[in-house]
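Subject: Structure for your review

Dear colleague,

Please find the structure below, with its sequence.

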Amino acid sequence: MAEQGGRALVLGGGGVTGVAWEIGLLHGLAEHGVDLTGADTLIGTSAGSVVAAQIGSGTPLPEMFAQQTEPPAAERRAEIGAAVLARFVIASAIPGPRHRGRAWLGRAALRAKTVPESERRAVIAHRVPQQRWPDRRLLVTAVDAGSGEPVVFDRDSGVPLTDAVGASCAVPIVWPPVTIGDRRYLDGGMRTVANVDLAAGADRVVVIAPLSRALRRSDRPQAQAAALGVPSIVLTPDPPALAAIGRNVLDPANRVASAHAGRAQAARVADRVRMIWTPPAA
């Protein structure tokens with residue numbers, strides 16, 4: 001669903017620490033002369049939708065990085081427990097059309113006791129205060145909690161950007177589904193962790209994916225990027241970044257370390273990213 005041609009930046013899901021690591025990596029790459037914020041198409045899933053929306057709004061990377069490296073304030077710590085992970089696995093393993101498994105998980109999310117939707121929306125609005133969609137192509141992924149069908153919001157959807165991002169970040173059972181019109185929506189990572197296939201049509205693709213595992217090999221960012229058939233690279237956390245992120249991606253206590261780890265990792269991958277993003281002139 002990328003516009004024909006151009007460069008696409010795909011930003012995958014990964015919780016609070018995923019946002020920080022992605023921003024740190026982007027900031028570090030720009031410091032090494034590889035600025036990805038000029039992408040023609042931005043594709044954001046869950047945590048990646050927050051980063052994509054901030055990029056689309058024109059927020060400078062140094063400002064984004066500074067926000068991530070401030071000491072955690074009164075941020076709510078959440079946990080993706082074993083029971084939630086088990087539901088994800090079961091949902092992806094249910095035979096038949098994939099939307100059936102997502103709908104099963106969606107029904108569980110609709111029944112779950114979470115914080116009020118209004119409280120969660122205020123958190124998202126603080127992270128993405130811009131209601132207006134950018135002029136360039138921005139795709140934000142979500143899943144209909146009732147039907148399990150994937151949804152892609154863009155500037156033509158008639159949905160405020162904050163609501164689209166809130167829906168994409170609504171981790172099932174952890175956060176409340178987001179109400180848009182007469183439907184409720186959940187985390188876009190329920191489709192795939194980065195939804196790299198939506199970059200079809202782009203000439204060059206850079207994928208930044210804090211999470212890359214999937215039950216189905218074809219759903220993994222690396223496999224989806226290879227299937228595009230264009231120059232691409234998939235960046236995932238290296239060992240130091242994984243250590244900084246820790247086991248709970250929803251723990252804001254690890255946010256600052258994750259941002260710095262992303263910035264440090266950029267130095268080690270900048271040359272490879274540059275070859276994809278800005279190939280030498282013939």
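Helices (H or I, at least four residues) and strands (E, at least two) are taken here as DSSP runs and numbered from the N terminus. On that basis the protein has 10 helices and eight strands. This is a predicted model, in which local features need pLDDT of at least 70 and side-chain atom pairs count only at pLDDT 80 or more, while totals for chains, interfaces and linings use all residues. Residues are numbered from 1 along each chain as its sequence is written, and side-chain values use heavy atoms, with hydrogens and water left out.

Overall burial and contacts

Of the 282 residues in the protein, 51% are buried; buried means under 20% relative accessible area, exposed over 50%, and partly exposed in between (1.4 Å probe, protein chains only). Contact is taken as heavy atoms within 4.5 Å. Among contacts between residues at least 6 apart in sequence, 78% join residues at least 24 apart.

Nonpolar cores

A nonpolar core is a set of buried Ala, Val, Leu, Ile, Met, Phe, Trp, Tyr and Cys residues joined through side-chain atoms within 4.5 Å. The largest such core has 66 residues, and those with the most contacts inside it are Leu9, Leu29, Leu36, Phe153, Val206 and Ile208. Helix α10 (residues 255–277) gives the most to this core, contributing eight residues. Leucine 36 is in contact with Leu9, Leu26, Leu29, Val206, Ile208, Val273 and Trp277, leaving aside its neighbours within four places in sequence. A second, separate core of 13 residues includes Val10, Ala194, Val207 and Ala209.

Helix α2 and its surroundings

Helix α2 (residues 47–56) packs against helix α7 (residues 161–168) at an angle of about 155°, with the axes 7 Å apart. Axes are lines fitted to C-alpha atoms, for helices over the stretch in contact, and angles run from 0 to 180 degrees between N-to-C directions. The angle therefore makes α2 roughly antiparallel to α7, a term applied to angles over 145 degrees. The contact is made by Ser49, Val50 and Ala53 of α2 together with Leu161, Val165 and Ser168 of α7.

Because 10 of the 10 residues of α2 are buried, this helix is largely enclosed by the rest of the structure. Glycine 58, which follows α2, has a positive phi, near 90°. Threonine 59 lies in the loop between α2 and α3 (61–68) and is partly exposed, with a relative accessible area of 21%. Not counting residues up to four places away in sequence, threonine 59 touches Gln54 and Met64. Its C-alpha atom is 9.8 Å from that of threonine 37, a residue 22 places apart in sequence.

Alanine 103 is in helix α5 (residues 98–111) and is buried, at a relative accessible area of 6%. Beyond its neighbours within four places in sequence, alanine 103 is in contact with Ala145, Gly146, Ser147 and Gly148. The C-alpha atoms of alanine 103 and glycine 148 are separated by 4.0 Å, although the two residues are 45 apart along the chain.

Alanine 145 is in the loop between β3 (137–144) and β4 (150–153), and its 1% relative accessibility makes it count as buried. Not counting residues up to four places away in sequence, alanine 145 touches Ala103, Gly106, Arg107, Leu110, Arg184, Tyr185 and Leu186.

Yours sincerely

Notes
Angles under 35 degrees count as roughly parallel, over 145 as roughly antiparallel, 65 to 115 as roughly perpendicular and the rest as oblique.
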